[in-house]
Amino acid sequence: MTETKPKTADLVSRYSVLTKETMPQLARTSHTHWPVRNDHCFQRIVLDAVCGGIWYDHVARPA
């Protein structure tokens with residue numbers, strides 16, 4: 001069986017759904033305290049983690 005590598009567009013789409021919908025919804029409805037709730041905050045956290053530093057030092061704006 002051959003594994004297929006996700007396409008960039010698929011990864012960006014998944015990132016968008018997770019950071020714009022899923023994570024903010026969890027932050028609003030979770031019984032635990034989340035320090036962030038806004039989509040742009042989740043986006044920055046994910047990009048910083050993936051880049052290993054401040055995202056805009058590694059990725060052209062807009063990301």
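## Helix 2 and its packing

The buried residues of helix 2 pack against helix 1, where contact means heavy atoms within 4.5 Å and buried means under 20% relative accessible area, exposed over 50% and partly exposed in between (1.4 Å probe, protein chains only). Helices are DSSP runs (H or I, at least four residues) numbered from the N terminus. The buried residues in question are Phe-42, Gln-43 and Leu-47. They lie on the same side of helix 2, because the arc they cover around the axis is only 130°; this arc is that of the directions from the helix axis to the C-beta atoms.

The 13 residues of helix 2 should span 18 Å at 1.5 Å a residue, and the end C-alpha atoms are 18 Å apart, which agrees. The expected span is 1.5 Å times one less than the number of residues.

## Basis of the model

The structure is a predicted model, in which local features need pLDDT of at least 70 and side-chain atom pairs count only at pLDDT 80 or more, while totals for chains, interfaces and linings use all residues. Residues are numbered from 1 along each chain as its sequence is written, and side-chain values use heavy atoms, with hydrogens and water left out.

## The largest pocket

The largest pocket has a volume of about 350 Å³. A pocket is an open set of points on a 1 Å grid over the protein atoms alone, where a 1.4 Å probe fits, with protein on both sides within 12 Å along at least five of seven lines; lining residues have an atom within 4 Å of a point. The volume is the space filled by probe spheres set on the points, which are joined across faces, edges and corners.

Fourteen residues, written 14, line the largest pocket, and Tyr-15, Gln-43, Leu-47, Trp-55 and Ala-63 lie nearest its centre. Helix 1 (8–29) and helix 2 (39–51) are the elements that give two or more residues to this lining. Helix 2 gives the most, with seven residues. By class, the lining has nine nonpolar, three polar and two charged residues (nonpolar: Ala, Val, Leu, Ile, Met, Phe, Trp, Tyr, Cys and Pro; charged: Asp, Glu, Lys and Arg; polar: the others, Gly among them).

## The segment after helix 2

Gly-52 follows helix 2 and has a positive phi, near 75°. Gly-53 is found in the segment after helix 2 and counts as partly exposed, at 26% relative accessibility. Leaving aside residues up to four places away in sequence, Gly-53 touches Leu-47, Asp-48 and His-58.

Pro-62 is also found in the segment after helix 2. The peptide bond from Arg-61 to Pro-62 is cis, with omega near -10°.
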